[in-house]
Amino acid sequence: MSWGKRTFGGVEYDLSHLDPFTMQVTPKGEDARTYNVRVTFTCHTFTREWRETDLEEHRFDEAGETRAFCPVRFEHSQSLKGIIIAASTGKVRFNNQTPFVIPATIEGLEGPYAIYFRAIKAKTRGLDVVIDVRSAHHKPNLDMTLPKVTFATVVGHTVAGKAIKRPRK
């Protein structure tokens, strides 16, 4: 899905930085296969829960859900693509709700910017996995002791249809 440009409160915002993109992920190891990974983003990366006090001009409806455009989340979302590309060679953390979380640092934020995602085996020719970013927002109280796994392991196991076992703390 292409997000394009949207207008909220009379201001036009370019959301094209949240359009899907494809990257390659290669696990470490001599004969490791390189995987084609598509990254997609939901509206939760630039919206927040709807409140009765929100202005109608900030309303965002998608898939039966009403949310409010959030200029702060929008601003932080500008960093998402770079953070995900960088995380693809490192580790991610298991999470209690969405399967995985990438804790990131964004200048000016105290505490982590949390990127919640799930990995899905791709059904499209030429792609191996879809990383579906479900939400991203400032989460200063994120549990930084959550167990870790490499991003490449998440991708490789998803392609192989293998369960990714959550290590105990």
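Colleague: Which residue in S12 does Lys91 stand opposite?

Modeller: Please keep in mind that this is a predicted model. Lys91 stands opposite Thr150 in S12. The strands concerned are S8 (residues 91–94) and S12 (residues 148–150), which run antiparallel and are joined by three bridges. As a general idea, side chains in a regular strand alternate between the two faces of the sheet.

Colleague: Which residue in S9 is the bridge partner of Arg93?

Modeller: The bridge partner of Arg93 is Val101 in S9. Strand S9 covers residues 100–104 and runs antiparallel to S8, with two bridges between them. Together S8 and S9 form a hairpin, and five residues lie between the two strands.

Colleague: Let us turn to aromatic rings. How many aromatic pairs does a search of the whole structure find?

Modeller: In general, a pair of aromatic rings is described by two quantities, the distance of the centres and the angle of the planes. Searching the whole structure gives 14 aromatic pairs. One of them is formed by Trp3 and Phe60, a tilted pair with 6.1 Å centre to centre and 45° between the planes. This pair links distant parts of the chain: Trp3 belongs to the segment before strand S1 (5–8), while Phe60 belongs to strand S6 (residues 59–62), 57 residues apart. Both Trp3 and Phe60 are buried. Phe8 and Tyr13 also form a tilted pair, at 6.3 Å centre to centre and with 45° between the planes. These two residues, Phe8 and Tyr13, are likewise buried.

Colleague: Which residues form one aromatic cluster?

Modeller: The cluster consists of Trp3, Phe8, Tyr13, Phe46, Phe60, Phe69 and Phe74.

Colleague: Which residues does His76 touch, not counting residues up to four places away in sequence?

Modeller: With those sequence neighbours left out, His76 touches Ile106, Leu109 and Tyr113.

How values were computed
Residues numbered from 1 in each chain as written. Predicted model: local features only at pLDDT ≥ 70, side-chain atom pairs only at ≥ 80, totals over all residues. Heavy atoms only, no water. Phe/Tyr/Trp six-rings, centres within 6.5 Å; stacked < 30°, edge-to-face > 60°. Helix = DSSP H or I, 4+ residues; strand = E, 2+ residues; numbered from the N terminus. Buried < 20%, exposed > 50% of the residue type's maximum accessible area, 1.4 Å probe, protein only. Contact = heavy atoms within 4.5 Å. Pairing = 2+ DSSP bridges.
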